[in-house]
Protein chains: 2
Amino acid sequence: MVVWDEEGFQGRRHEFTAECPSVLELGFETVRSLKVLSGAWVGFEHAGFQGQQSVLERGEYPAWDAWSGNTAYPAERLTSFRPVACANHRDSRLTIFEQENFLGRKGELNDDYPSLQAMGWDSTEVGSFHVQSGAWVCSQFPGYRGFQYVLESDHHSGDYKHFREWGSHAHTFQVQSVRRIQQ
Amino acid sequence: MVVWDEEGFQGRRHEFTAECPSVLELGFETVRSLKVLSGAWVGFEHAGFQGQQSVLERGEYPAWDAWSGNTAYPAERLTSFRPVACANHRDSRLTIFEQENFLGRKGELNDDYPSLQAMGWDSTEVGSFHVQSGAWVCSQFPGYRGFQYVLESDHHSGDYKHFREWGSHAHTFQVQSVRRIQQ
């Protein structure tokens, strides 16, 4: 992926093929536009892969509003990012559990669900996840809006037993949409 | 669906099973929270189904940021809405065309694509659409961010030949993600 320090793909430019723990070390104050040329990536608000997450799939992001889907807490800054190595649009499987620690009722997913309730999930929350294959992003509200959390089969053995493990910015079990990450 | 005039499902309440051309006529200034109990709906910023569109699938939307995925132009107001009758998660087919009026190269879709480029589409734009079945939402940026446009097989015979036909707020051919609407 390629990042620029000004909107509209202007200004200083830097290309990455691997993770970047902090754009500040390149002399960037923040990323202001970017293009994903191949693969799937996740961007983080802060250095060291901390803060709000934004999934970055192939395409062009001319300004911060292109990667920030969270209107209440816009992720204007993008300071670190890394590839999502295991993303696989065709073979992705996720199990969702009603309660933390993989307890309670469960659901097996291999498709995208902009509304878990429409699929038959009886709650606006998910307690824990197990990612069997591929990579997924789950979101707070239907239609993939609000806070996003990236879940990968090759991180923590695919186990995410409490929202504390979904991301440093996670503060609630509220998840209403889930989808595969496309590479 | 049910709407409230205060956030968090408080205040005055009204339930709908059919379209509402203007909540103002109910004495609401705007909708501030809502729940979709069944079906799929599209909400509009202004009365008479005009202005920015927000797809509303089953679930709970406690405040405006839950339905507004557009961080640069947040759709805080929701003034009219109607059901998306033909939404069908399992049987949805869409053809995208490089140019307006169904000209140029084309792509046949029956799945969700958070990145059209990752699927092999060589552009950040789409010229025109033909919806063969189901209902779709296309978005300006990857990952379903930015402006949204709802496309239905039972509207205009599924034909959308120029961005002028995608919605009253559409002003560009830029479309980088497309997905089925789930009911």
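Is S177(A) buried or exposed? A few points on that residue, and on a strand of chain B, from a look through this predicted model.

1. S177(A) is buried: its relative accessible area comes out at 0%. The cut-off for calling a residue buried is under 20%, so S177(A), at 0%, falls within it. In chain A you'll find this serine in strand β14, which covers residues 177–180.

2. As for what surrounds S177(A), look at the polar side first: a polar atom of its side chain sits 2.7 Å from the backbone oxygen of F141(A). F141(A) also turns up among the residues in contact with S177(A), once neighbours within four places in sequence are set aside. That list includes Y113(A), P114(A), S115(A) and L116(A), as well as V137(A), C138(A) and S139(A). P142(A), G143(A), Y144(A) and R145(A) are on it too.

3. Over in chain B, have a look at strand β4 (residues 41–46). Of its 6 residues, 5 are buried, so the strand is largely enclosed by the rest of the structure.

4. One partner of β4(B) is strand β5 (residues 50–56) of chain B; the two run antiparallel and are joined by 5 bridges. H46(B) stands opposite Q50(B) of β5(B). Together β4(B) and β5(B) make a hairpin, with 3 residues between them. In that turn, check G48(B), which has a positive phi of about 65 degrees.

5. β4(B) also pairs with strand β7 (residues 80–83) of chain B, again antiparallel, through 4 bridges.

Definitions and conventions:
Residues are numbered from 1 along each chain as its sequence is written. Chains are lettered from A and ligands numbered from 1 in the order in which they are written. This is a predicted model: local features need pLDDT of at least 70, side-chain atom pairs count only at pLDDT 80 or more; totals for chains, interfaces and linings use all residues. Side-chain values use heavy atoms; hydrogens and water are left out. Buried means under 20% relative accessible area, exposed over 50%, partly exposed in between (1.4 Å probe, protein chains only). A polar contact is a pair of N or O atoms within 3.5 Å; within protein, one must be able to donate a hydrogen and the other to accept it, and residues adjacent in sequence count only if both atoms are side-chain atoms. Contact means heavy atoms within 4.5 Å. Two strands pair if DSSP finds at least two bridges between them.
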